[in-house]
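Please read them with the structure open.

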Amino acid sequence: MDEQLFFKKLNSLCTSKEIFYFLSSLEVMSDTMASGALQKISELEVDDNGLKNPALLENEVFRALCFQFEFESSKLSNTGLLNALQALIKLRVDPQSTLMTSLLSESEERLGRGQLTAEHLCALGESLLELERPSCAMLEQIVNHMQERDIKSWSPREIVMVYKILEVTVREGKQWQSLLHRLNGVTLRAASQLSPNFVSVILNSLVALHQTRAVLLVTALCKHSVQHVPYFTDHELVNVLEAFLYFGQKMQIFTEALERHIPKSIHTMHPQTVSKVMQYCCKKMILSKPIFDAVAKGFISSADRLTTDQIAAYIIPFGTLNYLPPSASSLFRKLETVLHTRLRHFQPHTLLNLLHSCVLIQRYPINFLPKIFSPYFLQKLQAQPPGLNRVVMSQLTQLFLTVTLECPFYEGPKLLSKYQVKAFPTPQSSLDVHLFKKVKTGLLYLLKKRIYFASEVSTPYFYVVDIEIKLDEEGFVLPAAQLEEVHRRIALCVDGQNRFCAHSHNLLGEEAIKQRHLQLLGYEVVQIPFFEIESLQNTRKIADYLHKKIFPCTYGLSN
């Protein structure tokens with residue numbers, strides 16, 4: 001049969017059964033035709049979970065095809081040899097079998113003799129990369145042959161293949177810095193023409209190759225990825241998000257693209273992809289209501305199918321970024337149901353992180369706290385990395401403080417003092433030094449003397465107050481060091497940008513719970529947010545602003 005007619009017929013067939021019937025009707029076919037048939041079978045019979053029907057490998061026609069390739073490998077054309085190799089690897093044929101050994105050996109010989117064109121080198125490289133333990137020597141040979149051609153003439157497919165080869169060989173200790181530098185430059189020029197798959201693969205390779213200096217290339221690929229967001233597969237989107245996290249990229253247009261895509265796709269997206277999206281938002285402090293609202297709805301409908309790690313990944317960002325979606329009551333009802341049925345399946349640290357995030361947004365896991373404060377659970381926490389470090393003990397302490405202050409009806413076990421910290425570490429909510437200095441300058445102008453306010457005051461209740469002002473019963477300001485006759489305590493919270501979600505006036509969960517608790521502990525909390533004070537350049541204006549915030553019922557400043 002004419003090859004053109006053969007491939008036209010082959011491409012019209014929809015099952016491997018039809019292909020085997022068609023092949024058995026032919027008396028003779030070329031190796032190109034036979035390898036094309038194997039490729040078509042691999043396309044139909046292999047999905048993300050592997051080979052759909054392993055019995056296929058025992059089919060008589062399939063075995064006859066394999067027999068021809070095994071014993072006539074030296075007579076095959078380059079196209080027939082490499083297409084067959086690619087298809088058989090995809091079909092999960094044992095790499096140690098005599099068939100695969102024969103094809104790999106023949107490929108290696110032709111590679112060594114320099115008989116393979118650029119397209120054939122690419123096909124061989126892609127096939128080797130699919131093997132569990134590819135031959136690094138062969139991969140290096142492919143790269144060396146590729147370098148004989150001008151790198152500027154490489155196609156996007158060849159660029160992607162070389163990145164993947166470098167990724168494998170660098171893990172084995174091979175250094176390609178000069179080639180990588182040139183490859184990054186060529187890729188930068190081609191970035192705007194790359195497909196969604198190629199963008200994802202290259203970003204993944206740049207992460208694996210630690211290309212932190214390739215700033216221009218990374219930025220170009222991240223910008224180009226924006227238009228591909230609706231077309232990325234789940235796996236590709238995860239790669240892109242990981243690259244954004246690794247290289248510290250944050251683009252508003254990328255967030256907006258996710259906001260358009262995720263609400264429409266949430267019910268078909270893989271949970272691991274949703275988890276990565278939430279991790280990205282959480283790490284970048286991006287409170288995207290369209291994304292969070294969609295994820296909340298997705299959780300309500302699919303929570304029973306999620307792993308414990310995925311449950312935590314879906315929920316924790318709500319607490320971290322201090323956001324309750326419109327479906328909050330249904331969301332936390334569903335979470336409570338899931339926890340009741342699967343509590344013992346959670347890893348100790350995952351469970352603690354999850355429950356701690358809930359109290360940040362005033363969702364109290366009362367029914368599960370007896371377990372958390374039990375000696376058995378605390379021993380399990382200690383036994384698993386990172387153990388009972390300061391962050392973990394702070395979470396336990398804050399849980400305990402929350403039920404003490406906000407849930408007085410809780411009568412379960414208490415947290416023993418040896419598991420409590422003396423003060424909470426606040427890395428996310430550390431002071432904005434410039435803003436803090438501005439506020440102190442304004443206060444000095446307002447109160448005339450530095451003795452009338454104290455800064456960074458440790459309290460007996462684990463929190464550190466940014467600025468404390470004490471008043472007597474008549475409302476007069478007392479020296480900060482005075483301990484008697486203190487009737488009121490004012491806690492000034494000097495909230496710089498790092499205490500808010502990105503591009504937002506929404507306080508982070510850690511700061512929101514601190515201000516809530518300080519109020520419950522008897523402080524009058526006065527918030528001094530950056531967006532209210534940053535435009536005030538004149539000390540007098542700052543002092544006037546502080547006067548209105550701290551002492552709203554008294555007269556303005558005198559001249």
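1. Helices (H or I, at least four residues) and strands (E, at least two) are DSSP runs, numbered from the N terminus. By that numbering, R213 is found in the loop between α11 (196-208) and α12 (215-225). With a relative accessible area of 83%, R213 is exposed; the scale is under 20% for buried, over 50% for exposed and partly exposed in between, using a 1.4 Å probe and protein chains only. From R213 to L166 the C-alpha to C-alpha distance is 17 Å, and the two are 47 residues apart in sequence.

2. On the basis of the notes: this is a predicted model, in which local features need pLDDT of at least 70 and side-chain atom pairs count only at pLDDT 80 or more, while totals for chains, interfaces and linings use all residues. Residues are numbered from 1 along each chain as its sequence is written, and side-chain values use heavy atoms, with hydrogens and water left out.

3. The structure holds 17 aromatic pairs. Rings of Phe, Tyr and Trp (its six-membered ring) pair if their centres lie within 6.5 Å; planes under 30 degrees apart count as stacked, over 60 as edge-to-face and the rest as tilted. One of the pairs is F424 with F462, tilted, at 5.5 Å centre to centre and 45 degrees between the planes. This pair links distant parts of the chain, 38 residues apart: F424 is in the loop between α22 (390-406) and α23 (433-447), and F462 in the loop between β3 (454-458) and β4 (464-471). F424 is buried at 9% relative accessible area, and F462 is buried at 14%.

4. The ring centres of F500 and F531 are 5.6 Å apart with the planes at 70 degrees, so this pair is edge-to-face. It also links distant parts of the chain, 31 residues apart, with F500 in the loop between β6 (488-495) and α24 (509-520) and F531 in helix α25 (residues 530-533). F500 is buried, at 3%, whereas F531 is partly exposed, at 27%.

5. F6, F7 and F22 form one aromatic cluster.

6. Which residues of α17 and α18 meet? T308, I311, I315 and F318 in α17 meet L331, F332, L335, V338 and R342 in α18, where contact means heavy atoms within 4.5 Å. These contact residues divide into seven nonpolar, one polar and one charged; Ala, Val, Leu, Ile, Met, Phe, Trp, Tyr, Cys and Pro count as nonpolar, Asp, Glu, Lys and Arg as charged, and the others, Gly among them, as polar.
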